[in-house]
Amino acid sequence: MTNYDDTNARALERGHQQHLDDISGVYESEIPERSLTVICPTCRRRQDSESVTFRGIEEDMQGRDVLTFDCPVCGAKMVESLVFG
Ligand SMILES: [Zn+2]
């Protein structure tokens with residue numbers, strides 16, 4: 001069954017490569033230079049800004065960054081939080 005084993009090994013190799021490609025794509029497009037956290041006002045959970053669904057960012061009166069996001073923990077939509085570096 002040598003042929004079968006070779007085919008199976010190649011299929012695994014392709015799957016592994018595809019997985020690496022997916023991860024690198026995420027890193028390039030969504031992860032900022034430094035780690036930032038936000039606190040969901042609904043469930044009070046502190047989370048990486050990378051793990052929430054980004055909707056927008058703006059500054060408050062004091063010039064602090066306020067992130068608008070969907071919370072993956074409690075499902076709250078378009079909630080806002082100060083960004084903590
Ligand atoms: Zn939440």
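Which residues make up the largest nonpolar core?

1. The largest nonpolar core consists of six residues, namely Val38, Cys40, Val52, Leu67, Phe69 and Cys71, where a nonpolar core is a set of buried Ala, Val, Leu, Ile, Met, Phe, Trp, Tyr and Cys residues joined through C-beta atoms within 7 Å. Buried residues have 20 or more other C-beta atoms within 10 Å of their own, the C-beta atoms being placed from the backbone, and 9% of the 85 residues of the chain count as buried.

2. The model is a predicted one, in which local features need pLDDT of at least 70 and side-chain atom pairs count only at pLDDT 80 or more, while totals for chains, interfaces and linings use all residues. Residues are numbered from 1 along each chain as its sequence is written.

3. The five strands form an open sheet in the order S2-S1-S5-S4-S3 with antiparallel pairing, a pair requiring at least two bridges found by DSSP. Strand S2 (46-48) and strand S3 (53-59) are the edge strands, each pairing on one side only.

4. Strand S4 (residues 65-70) pairs with strand S5 (residues 79-84) in the antiparallel sense over four bridges, and the bridge partner of Leu67 in S5 is Ser81. Leu67 also belongs to the largest nonpolar core.

5. Cys40, another member of that core, touches Arg45, Gln47, Cys71, Val73, Cys74, Ala76, Val79 and Ser81, residues up to four places away in sequence not being counted; contact here means C-beta atoms, placed from the backbone, within 7 Å.

Technical notes:
Buried ≥ 20, exposed ≤ 12 C-beta atoms within 10 Å, placed from the backbone. Contact = placed C-beta atoms within 7 Å. Helix = DSSP H or I, 4+ residues; strand = E, 2+ residues; numbered from the N terminus.
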